[in-house]
Amino acid sequence: MKKLVIIPAYNESASIQKTVEDIRRKAQDFDYVVINDCSVDNTREICENLNYNIVNLPVNLGIGGAVQTGYKYGVRNGYDLAVQVDGDGQHDPRFLSKMSEYLLETGADMVIGSRFIEKEGFQSSGARRAGIKYFTFLIRLLTGKTVTDPTSGLRMVNRDIMEMFAQDYPKDYPEPESVVAVLRRGKKVKEIPVVMRERNGGVSSISLKKSVYYMIKVSLAILIEKMRPRGGKS
């Protein structure tokens with residue numbers, strides 16, 4: 001079975017080397033690809049000097065476009081499953097083998113690493129936890145399914161969902177919306193407990209100023225996704 005780690009990276013020079021080496025050490029049965037989203041720091045130079053497997057985007061596509069590029073790479077290169085691991089070092093690769101085993105054992109289409117099941121490790125700020133609970137409520141209201149950590153970037157998918165995301169993936173703050181897209185197609189989403197870490201460096205893409213926009217935009221996107229025809233794009 002071919003397994004791929006997708007590492008979206010924008011200005012992650014402070015953490016990208018540690019992130020990749022952590023994956024190499026703790027998830028040796030996974031391949032990886034760094035999707036450099038037109039970083040303006042020396043993320044690209046670090047990866048190329050260390051001979052990392054890297055795709056350099058010609059323009060900045062944002063987190064959604066970078067991750068979708070990773071799915072396209074995985075589909076074209078014959079991978080059976082793919083998992084997103086953020087370039088900031090928050091996701092611990094020691095959980096990847098457990099996630100892949102759980103995905104195969106349960107027949108799940110997506111497995112999300114949730115920091116809120118056992119509530120260990122970095123739990124994010126109080127304001128962000130409130131926002132996450134809101135999205136959990138909204139997703140449950142619209143789909144009937146409870147996802148405790150819908151904003152988690154640590155999510156693993158099978159080949160079927162890889163192909164789906166390679167064709168159509170949310171561009172802006174995609175995590176909650178993409179979960180709804182999977183659920184509304186009758187696919188199986190599971191969670192397992194993981195321990196998150198604080199960022200190794202860099203700056204989060206969701207600043208205080210952007211938080212209101214984030215909440216409104218993602219809420220509307222989830223509602224629109226719920227109303228889309230099940231078989232295709234609107």
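User: How many disulfides does a search of the whole structure find?

Analyst: The model is a predicted one, and a search of the whole structure finds zero disulfides.

User: What makes C38 count as being in no disulfide?

Analyst: A disulfide needs two cysteine sulfur atoms within 2.5 Å. The nearest cysteine sulfur to C38 is that of C47, 14 Å away. C38 is therefore in no disulfide.

User: How do you know that the sulfur of C47 is too far for a bond?

Analyst: The closest cysteine sulfur to that of C47 is in C38, at 14 Å. The cut-off is 2.5 Å, so the distance is too far for a bond.

User: Why is C38 called partly exposed?

Analyst: C38 has 28% relative accessibility.

User: Is C47 buried or exposed, and why?

Analyst: The relative accessibility of C47 is 0%. Buried means under 20%, so C47 counts as buried.

User: Why is strand β5 called largely enclosed by the rest of the structure?

Analyst: Strand β5 covers residues 110–114, and five of the five are buried, so the strand is largely enclosed. Both of its faces are covered: M110, I112 and S114 are buried on one side, V111 and G113 on the other.

User: What makes β5 and β6 a pair, and how do they run?

Analyst: Pairing takes at least two bridges. Three bridges join β5 to β6 (residues 155–158), and the two run antiparallel. M110 has V157 of β6 as its bridge partner.

User: How many bridges join β5 to strand β7?

Analyst: Five bridges join β5 to β7 (residues 189–193). With at least two required, β5 and β7 therefore pair. These strands run parallel, and S114 has P193 of β7 as its bridge partner.

Key: Residues numbered from 1 in each chain as written. Predicted model: local features only at pLDDT ≥ 70, side-chain atom pairs only at ≥ 80, totals over all residues. Heavy atoms only, no water. Buried < 20%, exposed > 50% of the residue type's maximum accessible area, 1.4 Å probe, protein only. Helix = DSSP H or I, 4+ residues; strand = E, 2+ residues; numbered from the N terminus.
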